Amino acid sequence: MSGWVRHGALQRREDLGTPEFTSELKEKIVGGVLEEAHGDSVDELAARRDAMLSALLSVRAEHDPLGPRSAAAGRPEKEGS
């Protein structure tokens, strides 16, 4: 993974350059986001996201041979916690 980051992802990022954040670009971004949202509100989008994440966690719990684990499993505890 570190090789990909060093030689793949970073190279692609550099190839993009630094786009100028013009009014036209802002409008294009906002328009694209609104189009993808299909008129749904932020609350509706968040509810759909949460439902999808919940479904994914259920599938993982059902099929993961190691069983459900917390997100922090295997991570050292932070100092002062």
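This is a predicted model: local features need pLDDT of at least 70, side-chain atom pairs count only at pLDDT 80 or more; totals for chains, interfaces and linings use all residues.
Local features need pLDDT of at least 70 and side-chain atom pairs count only at pLDDT 80 or more, while totals for chains, interfaces and linings use all residues. Residues are numbered from 1 along each chain as its sequence is written, and side-chain values use heavy atoms, with hydrogens and water left out.

Helix α2 covers residues 23-37, 15 residues in total. Helices are DSSP runs of H or I with at least four residues, numbered from the N terminus. From first to last C-alpha, α2 reaches 21 Å, close to the 21 Å expected at 1.5 Å a residue. The expected span is 1.5 Å times one less than the number of residues. One of the 15 residues of α2 is buried, so the helix lies largely in the open. Buried means under 20% relative accessible area, exposed over 50%, and partly exposed in between (1.4 Å probe, protein chains only). H38 follows α2 and has a positive phi, near 55°.

The structure holds three salt bridges. A salt bridge requires a side-chain nitrogen of Lys or Arg within 4 Å of a carboxyl oxygen of Asp or Glu. D40 pairs with R48, with the closest N and O atoms 3.0 Å apart. D40 is partly exposed at 28% relative accessibility. R48 is partly exposed at 43%.

R49 and D50 form another salt bridge, with a closest N and O separation of 2.8 Å. D50 is partly exposed at 41%, and R49 is partly exposed at 46%.

R60 and D64 also meet in a salt bridge, at 3.4 Å from N to O. R60 is partly exposed, with a relative accessible area of 40%. D64 is buried, at 18%.

Definitions and conventions. Helices (H or I, at least four residues) and strands (E, at least two) are DSSP runs, numbered from the N terminus.
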